[in-house]
Amino acid sequence: MNLLAAAFVLLTPIPFLLFYFFRSTKEFPKSWKEFKIEVRTILCGIRSQNEDFLLRKRNRIKLESLPNKIAVITGGNRGIGLHIVKKLLRCEMKVVMGVRNPESSKKSIETAIGEELCKNNITYFQCDTGDMESVRQFAEKVKQSFPAIHILINNAGVMATPYYETKDGFESQMAINYLGHFLLTHLLMPELIKGSESNDGKNVRVVNVSSCIHRVADMDYKDFNCKKFYYPTDAYAKSKLAQVYFTKYLEVIFKERGLKIQSHAPHPGIVNTDLFQHSSITAIPWFKNAFYKTPESGSRTIVYAAISPYLEGKGGTYLSNCYFDKSHPKSKEFDEIKKLFDFTCQLLKIKSFGEF
Ligand SMILES: NC(=O)c1ccc[n+]([C@@H]2O[C@H](COP(=O)([O-])OP(=O)(O)OC[C@H]3O[C@@H](n4cnc5c(N)ncnc54)[C@H](OP(=O)(O)O)[C@@H]3O)[C@@H](O)[C@H]2O)c1
């Protein structure tokens with residue numbers, strides 16, 4: 001009888017799960033490899049969600065007055081980014097937004113945040129982080145208007161999108177989430193260095209928004225653009241692992257060159273935003289509403305990474321719920337992070353990172 005009851009409890013959710021899976025737009029895993037990735041992704045998400053709940057009291061950020069400081073952010077017109085922008089404005093900072101559509105972004109930001117707070121405090125420039133020419137043009141506009149930058153938040157992102165190659169020939173998630181941000185950071189290094197000279201003796205910061213899902217990924221240099229094997233959540237996880245490696249290696253460069261810059265890779269938590277539009281969870285909207293963090297709550301660790309005095313001098317770190325967390329074990333291996341860094345410089349034809 002006990003066995004029957006256990007079987008009932010274990011098996012009852014399966015038809016429901018299958019029902020939701022088939023109702024969603026997401027494709028069912030077609031091979032054992034895809035199935036394993038899917039299960040690891042789901043388990044990683046559940047673990048992070050539990051942590052978000054258990055550590056919710058730690059997920060706090062104290063805003064402070066930082067007038068005359070300039071923050072650059074990619075995305076930011078909706079989702080978590082919108083709340084990051086709101087917090088930066090409440091710190092009295094000037095915010096430069098790299099968005100795909102400056103006009104509609106201005107409208108949505110002013111509606112969500114209020115014209116008063118936005119007035120003269122936000123500059124909108126066009127930027128598609130998946131298009132390297134657009135990133136170059138964005139960086140050029142930033143350079144012309146803002147010779148010194150104090151915070152760079154590489155936030156824009158997409159998740160688990162169907163396969164497509166960008167016009168530069170890169171797999172789109174890797175291009176939008178990682179390569180565009182790598183290039184942007186390289187191009188804005190002189191302005192970050194200048195910012196560090198007017199930052200009251202404190203380090204300026206580069207924040208690469210990552211995800212807990214990076215832990216289930218592995219880099220594949222032989223098939224970097226996923227032409228031989230593409231599973232959407234796997235490609236997303238790889239792009240977020242790349243963000244973590246990049247953060248770690250940036251810290252090495254900053255220290256080697258004696259720069260007053262530090263880098264962080266925060267995970268915002270599992271947050272109820274449109275990022276999940278290609279995920280099977282879209283078929284269960286009540287679940288997201290009930291159990292995911294709000295975008296406001298998700299923005300806290302990112303802003304913590306950008307301004308918390310507690311983090312001063314503690315760069316190269318992966319953060320979650322406003323504290324340090326463990327990143328992928330390979331992200332501690334120097335050869336591993338250098339390999340991706342050198343590979344990316346080659347891919348983007350960067351001769352010497354941050355130097356012109
Ligand atoms: N939500 C979560 O649970 C979660 C968990 C871990 C990590 N993250 C990370 O947090 C960051 C923000 O995600 P979110 O949840 O706020 O997602 P979201 O609500 O879907 O917002 C994504 C943002 O990225 C922008 N974006 C997308 N593609 C772009 C491109 N090619 N060029 C420039 N901007 C682009 C979007 O602008 P448009 O309006 O132009 O599309 C939007 O501002 C992402 O890096 C994501 O990977 C989120």
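Colleague: How far apart are the mean positions of the positive and negative charges of the protein?

Modeller: They are 4 Å apart, for 50 positive and 36 negative charges. Lys and Arg count as positive, Asp and Glu as negative; His and the chain ends are left out. Each charge is placed at NZ of Lys, CZ of Arg, CG of Asp or CD of Glu.

Colleague: Where does the model come from?

Modeller: It is predicted: local features need pLDDT of at least 70, side-chain atom pairs need 80 or more, and totals for chains, interfaces and linings use all residues. Residues are numbered from 1 along each chain as its sequence is written, and side-chain values use heavy atoms, without hydrogens or water.

Colleague: What share of the residues is buried?

Modeller: 55% of the 356 residues. Buried means under 20% relative accessible area, with a 1.4 Å probe and protein chains only.

Colleague: Which residues touch the most other members of the largest nonpolar core?

Modeller: Leu179, Phe182 and Met219, in a core of 64 residues. Such a core is a set of buried Ala, Val, Leu, Ile, Met, Phe, Trp, Tyr and Cys residues joined through side-chain atoms within 4.5 Å.

Colleague: What does Leu179 touch?

Modeller: Leaving out residues up to four places away in sequence, Leu179 touches Met132, Phe170, Met174, Phe224, Thr344, Leu347 and Leu348. Contact means heavy atoms within 4.5 Å. Another core, of 34 residues, lies apart from the largest one. Leu66, Leu82, Val95 and Leu311 are among its members.

Colleague: New topic. What box do the C-alpha atoms fill?

Modeller: Roughly 70 × 45 × 35 Å, along the principal axes.

Technical notes
Buried means under 20% relative accessible area, exposed over 50%, partly exposed in between (1.4 Å probe, protein chains only).
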